[in-house]
Amino acid sequence: MEKEIKISFHVIPSYKDLDETEKKLFDAAKAVRENAYANYSNFLVGCALLLDNGEIVTGSNQENAAYPSGLCAERTTIYWTSANFPKAQITKMFVIGAPRNMLSSQPIPPCGACRQSILEYEAKQDQPIEIYFASLEGEIFKTKSVRDLLPFSFDSSFL
Ligand code: THU
């Protein structure tokens, strides 16, 4: 028997089609991307989270000579947020990624490990996080929850 899982995402044609809040988040993620410590991959990623109190929290990828010790922008940002604002609800996440010194228009989705981490915080706050991902220009993809990026997810309900 073959079964199907439906996932859905929204395509926003370009930056100019974002609302004011979304533009602020895009700008914040793009600006903090410049702080990425990505001397090994030269792939720079910025992340901006919107909290329910209106605050924007940002972070970038941080690499290491021992490669697996580095951390993606999404986890850098979401861990810092939970550490410092443990009660805050995260409503939106923006991710902007592109190679250094290259204008790319291919949306950069969160990696598998980041999806798993984002899922943990959706569960913690019992509220989905809207995820927007993009490159420096071009289309912006949006999902209503990380569940649309991670079908068959493993969470605490199995433990
Ligand atoms: N990277 C992120 O920061 N987020 C992702 O979701 C994809 C990958 C970083 C990790 C590493 O520093 C560089 O991009 C190349 O993989």
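Lys144 lies in the segment that follows strand β6 of this predicted model. Its relative accessibility is 60%, above the 50% limit, so Lys144 counts as exposed. Lys144 and Lys23 are separated by 121 residues in sequence, while their C-alpha atoms stand 17 Å apart in space.

The segment after β6 (140–143) also holds Phe152. Phe152 has a relative accessible area of 78% and is therefore exposed. Together with Ile5 and Ile7, Phe152 makes a nonpolar surface patch of about 370 Å². The backbone of Phe152 also deserves attention. Most residues other than glycine have a negative phi. Phe152, although not a glycine, has a positive phi of about 55°. Asn42 likewise is not a glycine and has a positive phi of about 55°. Asn42 is located in the loop between α1 (20–33) and β2. With a relative accessible area of 33%, which falls between the limits of 20% and 50%, Asn42 is partly exposed.

The discussion now turns to charged side chains. The whole structure contains 5 salt bridges. Lys92, Glu130 and Lys142 are joined in a network of such bridges.

Lys92 has a relative accessible area of 14%, under the 20% limit, and so is buried. Lys142, at 17% relative accessibility, counts as buried. Glu130 is partly exposed, with a relative accessible area of 21%. Lys92 is found in strand β4 (residues 90–99), and its C-alpha lies 5.1 Å from that of Leu50, a residue 42 positions away in sequence.

A further salt bridge is formed by the side chains of Asp155 and Arg147, at 3.2 Å from N to O. Asp155 is buried, with a relative accessible area of 17%, whereas Arg147 is partly exposed at 42%.

The ligand remains to be described. Its surroundings consist of Ser41, Phe43, Val45, Asn61, Glu63, Cys72, Ala73, Glu74, Pro109, Pro110 and Cys111. By class, this shell comprises 7 nonpolar, 2 polar and 2 charged residues. An N or O atom in the side chain of Glu74 is 2.7 Å from a ligand oxygen. For Asn61, an N or O atom of the side chain is 2.9 Å from an oxygen atom of the ligand. In the case of Ala73, a polar backbone atom is 2.9 Å from an oxygen atom of the ligand. Taken alone, the ligand exposes 370 Å², and the protein buries 77% of that area. The elements that contribute two or more residues to the shell are β2 (43–51) and α2 (73–84).

Note on methods:
Residues are numbered from 1 along each chain as its sequence is written. This is a predicted model: local features need pLDDT of at least 70, side-chain atom pairs count only at pLDDT 80 or more; totals for chains, interfaces and linings use all residues. Side-chain values use heavy atoms; hydrogens and water are left out. A residue is near a molecule or strand if one of its heavy atoms lies within 4 Å of it. A polar contact is a pair of N or O atoms within 3.5 Å; within protein, one must be able to donate a hydrogen and the other to accept it, and residues adjacent in sequence count only if both atoms are side-chain atoms. Accessible areas come from the Shrake-Rupley method with a 1.4 Å probe; for residues, only the protein chains shown count as cover. Helices (H or I, at least four residues) and strands (E, at least two) are DSSP runs, numbered from the N terminus. Ala, Val, Leu, Ile, Met, Phe, Trp, Tyr, Cys and Pro count as nonpolar, Asp, Glu, Lys and Arg as charged, and the others, Gly among them, as polar. Patches are made of residues with over 30% relative accessible area and no salt bridge: like charges are joined within 9 Å, nonpolar side chains (Val, Leu, Ile, Met, Phe, Trp, Tyr) within 5 Å. A salt bridge is a side-chain nitrogen of Lys or Arg within 4 Å of a carboxyl oxygen of Asp or Glu. Buried means under 20% relative accessible area, exposed over 50%, partly exposed in between (1.4 Å probe, protein chains only).
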